[in-house]
Amino acid sequence: MQLKRRKFIQLGSAAGAALTVGSQFGMKAKASALMELKQTGSASPTGKKNQEIPYTCLTCNIEDGGIAYVEDGRIRRLEGNPNHPGNRGKLCAKGNAGHLHVYDPTRILNPLKRVGPRGSGKWKRITWDEALSEVAGKIQGAMDIDPMSVMFQYGRNRTHGLVYRFMNALGSGTVNNHTSICECNKKVAMEHAWGPDIETPDFAHTKYILNFGSNLAEAAYFHNPYIQRLMDGKIENKAKLVTFDPRMTNTGAISDEWIPLKPATDGVVALAMCNVILQEGLADTEFIRKYTNVTAHQLTEHLKQYTPEFAEKESGVSADTIRRIAIEFATAGPATTYTYRGSSMHQNGVYTEKATMMLNVVTGNIEKRGGFNLPRGLGFGGGPGPHPPKPPHSILKYPPEYPLASHHVSHHVSHSILEGRQKINVFMLYCHNPLYTQPDGDTWKQILTSEKHIPYSVSFSINMDDSTKYADIILPDTTFLERWDPESMPSSALGWVGLRQPVIKPLGNAKAFRDTIYELAQKIDPDGKRGVKKYFSYGSAESYVKNQLEATPGLKAAGGFKLLKKYGVWPFYDKKKEDNFKFGAHEETLSESDLAGTTLEGRTLMKGGKSVGLMVDGKAVRGFGTPSRTFQVNVPEWEHYGFEPMPHYEAIEDHKRMKSDELLLSTYKPNVHTQSRTPNLKWLQELHHRNPAWINTETAKARGIGNDDLIRITSPIGYMVTKARVTEGIHPQVVAIATSSGMSNKSTLGNYGGSKDPDIVQNTWWDDTGVHPNQIIPVSTDPIGGGMGWFDTVITVTKAKSGDKYGDTRSDRGAARKAFEKALSKATKVRTEDAHNTTAKTNVRDEIHTEVGGVFGTTAKLRDFEDPFNTTA
Amino acid sequence: MSSSKQVNVRPTSTEMAESGPCEAENRANVYEFLSRIFLEEMDSGLLQALQSDEVAGIFLDWGINFQEDLAGENQNEILEQLAHAYCDTFVTGEDPVFSPYESVWKTGCLEGKSTLLVEEFYTKCSLGLPKNCPEFADHLGIEFDLMSRLAKKEAEFRLAAQTAQAENYHKFQQAFLKNHLLAWGPEFSAKIERWASHPFYQHIGKLSCEFLRMEAEEFELESEPYMEFSEN
Ligand code: SF4
């Protein structure tokens with residue numbers, strides 16, 4: 001041993017020699033920079049005073065307010081911001097674990113350049129200068145060929161205009177979001193019906209809540225603020241909660257009644273209830289007369305076809321139940337419906353959303369205490385000028401087959417690129433993991449791995465997710481706790497603006513996306529000759545966000561940006577104000593100045609080519625944010641494209657043809673996860689990591705399937721092998737699988753269970769990380785809204801076949817292509833020259849933006865954003 | 001030499017401390033060398049040194065042939081391969097990736113309590129963290145750096161015949177080994193030896209592991225038992 005040690009110590013001289021060959025060695029330089037400090041005595045890691053820094057949460061997209069407790073530059077814990085009007089001091093489980101994004105052991109903390117074939121996992125660390133120079137060079141090259149060949153695909157983008165500033169400055173309209181796989185059918189239905197794309201129900205003061213397929217207690221929009229108010233309503237106001245949902249969620253569990261129904265039939269149930277309410281003389285015919293574009297008689301006649309018996313046949317909900325609940329809803333006092341993705345993300349989702357909205361219309365529960373109300377965000381500005389002009393839209397963003405799909409059709413993008421609809425030279429991916437979160441992930445893999453279809457790809461990411469692993473270069477982004485953003489969400493009747501500010505310095509060499517884009521713009525256009533640089537001359541990210549927020553009327557006087565830095569939100573939560581909030585925005589009388597220069601077209605007051613108000617019994621009121629200023633029960637734009645303009649139910653073709661042994665596949669977010677972003681949060685992964693398929697007891701029995709048995713689920717495009725969770729809590733014709741499990745990339749915490757790294761093994765007790773279902777879900781699309789039919793896949797379920805292994809997933813590219821073509825075949829055949837500049841669309845989109853600047857109490861300019869609230873969860 | 005003899009002849013910590021500045025300085029050099037290797041990719045100067053007969057010869061005694069590991073026609077290509085291997089092994093890549101942070105080893109998260117405790121240890125020893133170093137204090141390379149600096153201090157004081165101060169720095173090393181490095185360093189190094197994608201890093205893992213085990217013996221400390229793991 002001594003000999004060995006002595007030999008080892010000889011190494012000291014060798015090591016010394018090696019190190020002294022040059023003082024240019026990186027660590028030598030660092031070592032010489034070591035700083036001698038004065039002895040400060042021992043310090044306890046827990047005895048120090050913490051800084052309390054307000055921030056806006058982004059673990060999911062509800063944008064609640066929090067306080068970070070920071071000690072020595074580290075986040076010790078997160079708590080809710082008691083001043084926040086939305087979440088009122090409470091964070092959900094996900095929010096409490098948000099700082100684990102920062103400390104995720106698999107975070108990328110340096111720019112990485114691919115050095116092996118795409119997806120080989122071979123990388124090299126490079127400097128920011130090298131990385132930005134390379135990306136800038138590729139973008140310059142692409143701009144010289146065709147600026148539109150520079151594509152930006154984003155998901156949870158909360159920069160509020162920055163992506164568009166960048167892409168517009170480059171001259172490319174090839175920008176896509178992820179709303180078509182979120183809730184865009186709901187948005188489109190609502191925009192055409194009443195203007196804004198979301199509602200803010202007054203749950204706290206209601207007497208009855210009809211929940212169609214949303215899981216407010218766990219995941220739906222705005223679940224943390226809303227479930228608090230919903231419970232207030234249930235406890236303090238004795239409100240009744242009825243949930244229609246094929247799966248027994250935690251919302252179902254706290255409901256007074258949980259009614260499982262066949263997926264995609266919520267609409268027919270809602271319309272049958274409307275029919276009952278009208279037939280029974282319980283409708284608010286005055287509301288219909290004054291504020292809609294149909295008469296009560298027209299509506300009654302139209303809805304007669306939707307009898308409770310017909311709805312029973314379609315949905316499985318008994319006609320008696322439909323009648324009883326309809327009458328309860330209409331007579332309870334103030335009442336509201338609630339929906340989110342569950343009922344709307346079907347191929348008939350736009351019709352369904354409109355149908356459920358109609359329950360509020362026929363009962364006159366719109367814009368009233370305890371009712372179904374317009375959203376009230378405050379909004380903010382578009383950032384410092386100058387602003388680049390808008391380039392033409394790309395066919396990938398607005399495919400002509402979907403002229404009414406105002407929130408893009410992102411789940412068609414992979415197939416469209418594959419067929420060469422738009423040539424791409426540079427592909428940028430930000431806060432999106434399409435290979436995991438989009439349906440038919442294999443087609444995404446196909447394009448992401450193909451250098452023919454995507455010659456160069458960049459990912460701005462915090463970790464090596466399933467899609468980022470195929471990038472050519474990775475620019476490490478910061479988490480939401482290390483960056484600046486403005487925020488405003490209609491999560492309370494009291495509108496608010498909030499600030500997301502860095503509570504710590506970015507870890508390692510990670511750089512906030514805002515800063516990266518700024519620096520990239522300088523690299524692309526160093527001398528200003530390309531006309532890009534002038535839009536990126538505002539200085540710091542902080543000054544950009546300050547400029548945006550200080551455009552909110554009233555904020556400057558209240559303390560401005562300084563106040564937001566200190567408190568995180570403005571105005572503060574005020575229970576009295578919320579309890580006494582005055583609704584009725586549509587009834588607001590127009591002022592003399594509003595009326596000056598208006599002309600009347602029918603009942604609609606027009607000014608400068610835009611509708612500004614509605615005449616109601618001789619009085620000029622604001623009305624709703626639609627071209628006619630009415631609540632559009634009849635949507636003429638839909639008729640123009642061959643769709644049914646009146647409230648309508650259309651059964652899904654594939655569902656009509658289902659054989660007796662076929663089932664429907666549904667997916668859901670568990671209560672501690674979003675989709676692909678949270679599996680890397682260790683606490684949450686520990687709480688929920690596996691996702692066995694929920695299958696009804698009788699359905700399982702008929703197939704000889706027991707709890708935890710290995711099963712094979714076969715869809716039209718492939719199959720997966722997973723385990724069964726046999727339960728009474730699911731409709732007999734439905735199988736439900738949680739998302740947020742089954743990440744494919746081994747280098748993510750979400751896949752730790754399969755690792756051979758003992759660091760990981762000793763810190764995780766589970767080895768089952770689930771099987772992700774999206775790869776076997778084919779593309780299907782609502783022809784109006786352009787949204788994905790997430791819950792429409794017809795499947796068969798059997799016991800696993802011999803040789804099947806847990807986690808096996810196969811998909812058939814030919815079948816996936818056929819599914820895409822089938823979706824396209826259902827699109828409208830009506831074409832306008834530029835569908836996305838039709839009067840209907842332009843009006844509706846502009847009106848929405850005007851509404852945010854008008855009805856909701858601010859004149860802040862929001863036109864630079866694509867979505868005023870960007871309420872995509 | 002039998003193992004019982006080894007135990008009998010092992011110097012006590014005081015004896016070790018009295019063995020002069022040279023030993024401490026050499027130990028400091030080993031730590032500094034390992035620190036450099038773990039913290040950053042190879043550069044051309046270091047590569048040349050490791051390929052030289054003078055330096056490589058000493059490693060041969062350990063069954064490590066750096067000349068073989070680092071052979072190639074083109075120095076730039078070798079550097080490029082090593083940069084890939086560094087990234088593969090310590091930064092990101094296909095499974096497994098070895099997170100070189102004590103916090104991750106202990107809690108599964110970056111920048112945890114260990115990071116803070118190491119930072120505090122630097123302060124306690126009147127040393128400052130490397131300036132502008134983007135790494136956390138509990139990165140193996142930084143922990144090696146701390147040991148190197150402590151050993152250097154010890155050597156300096158011994159040279160100046162300031163025994164009490166030298167002994168003090170010796171104790172700091174003992175405490176740091178006990179509370180931090182030996183809790184995970186040997187095991188981490190063993191993993192590198194076994195799984196790193198390039199023989200150079202495999203050999204660095206072997207060196208690091210053996211050196212730390214020896215340090216454990218010399219300082220009369222236990223290193224954590226090596227945890228075997230299976231390939232799955
Ligand atoms: S609901 Fe979303 S925003 Fe609110 S605390 Fe939870 S994760 Fe954060």
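Trainee: How much area do domain 3 of chain A and domain 4 of chain A bury between them?

Mentor: The model is a predicted one. The C-alpha centres of the two domains, domain 3 and domain 4 of chain A, lie 26 Å apart. Their contact takes 20 residues from domain 3 of chain A and 18 residues from domain 4 of chain A. Carbon and sulfur atoms hold 64% of the buried area between these domains, and the total is about 1800 Å².

Trainee: In domain 3 of chain A, which residues lose the most area to domain 4 of chain A?

Mentor: Domain 3 of chain A covers residues 184-362, and domain 4 of chain A covers 585-640. Three residues of domain 3 of chain A together make up 38% of what that side buries. They are A:His192, A:Tyr291 and A:Asn293.

Trainee: What are the bounds of domain 2 of chain A?

Mentor: Chain A is divided into five domains, among them domain 1 (2-101) and domain 5 (653-813).

Trainee: How many helices and how many strands does chain A have, and how many does chain B have?

Mentor: Chain B runs α-α-α-α-α-α-α-α-α-α-α-α from the N terminus on. That gives chain B twelve helices and zero strands. For chain A, the secondary structure comes to 31 helices and 28 strands.

Trainee: What share of the residues in chain A is buried?

Mentor: A residue counts as buried under 20% relative accessible area. Chain A has 873 residues, and its buried share is 67%.

Trainee: Among contacts in chain A between residues at least 6 apart in sequence, what share joins residues at least 24 apart?

Mentor: The corresponding value for chain B is 69%. For chain A, the share is 75%.

Trainee: Are the residues of strand β12 of chain A buried or exposed?

Mentor: Strand β12 of chain A covers residues 426-430. In a regular strand the side chains alternate between the two faces of the sheet. On one side of β12(A) are A:Val426, A:Met428 and A:Tyr430, and on the other are A:Phe427 and A:Leu429. Both faces are covered, and five of the five residues of β12(A) are buried.

Trainee: Which residue stands opposite A:Leu429 in β13(A)?

Mentor: Strands of a sheet pair through backbone hydrogen bonds, either parallel or antiparallel. β12(A) and strand β13 (residues 456-461) of chain A pair in the parallel sense over five bridges. Strand β6 (residues 150-154) of chain A also pairs with β12(A) in the parallel sense over five bridges, and there A:Tyr154 stands opposite A:Tyr430. In β13(A), the residue opposite A:Leu429 is A:Ser459.

Trainee: What is the bridge partner of A:Ala68 in β3(A)?

Mentor: Strand β2 of chain A covers residues 65-71 and pairs with β3(A) in the antiparallel sense over six bridges. The partner of A:Ala68 in β3(A) is A:Leu78.

Trainee: In the open sheet β18-β19-β20-β21 of chain A, by how much are neighbouring strands turned against each other on average?

Mentor: This sheet has four strands with antiparallel pairing, and its edge strands are β18 (599-601) and β21 (619-621) of chain A. β18(A) and strand β19 (residues 604-607) of chain A pair over three bridges, where A:Leu600 has A:Leu605 as its bridge partner. With direction ignored, the average turn is 40°.

Trainee: Why does A:Thr626 count as buried?

Mentor: A:Thr626 lies in the loop between β21 and α25 (636-640) of chain A. Buried means under 20% relative accessible area. A:Thr626 counts as buried because its relative accessibility is 0%.

Trainee: Which residues of helix α20 of chain A are buried?

Mentor: Helix α20 of chain A covers residues 541-549, and its buried residues are A:Ala541, A:Tyr544, A:Val545, A:Gln548 and A:Leu549. They cover an arc of only 125° around the axis, so they lie on the same side of α20(A). Their cover includes α5 (162-170), β15 (485-487) and α19 (513-524) of chain A. The buried residues are A:Ala541, A:Tyr544, A:Val545, A:Gln548 and A:Leu549.

Technical notes
Residues numbered from 1 in each chain as written. Chains lettered and ligands numbered in written order. Predicted model: local features only at pLDDT ≥ 70, side-chain atom pairs only at ≥ 80, totals over all residues. Heavy atoms only, no water. Buried < 20%, exposed > 50% of the residue type's maximum accessible area, 1.4 Å probe, protein only. Helix = DSSP H or I, 4+ residues; strand = E, 2+ residues; numbered from the N terminus. Arc of directions from axis to C-beta. Contact = heavy atoms within 4.5 Å. Pairing = 2+ DSSP bridges. Domains from an automatic or database assignment. Buried area = accessible area lost by both parts, 1.4 Å probe. Axes fitted to C-alpha atoms, helices over the stretch in contact; angles between N-to-C directions.
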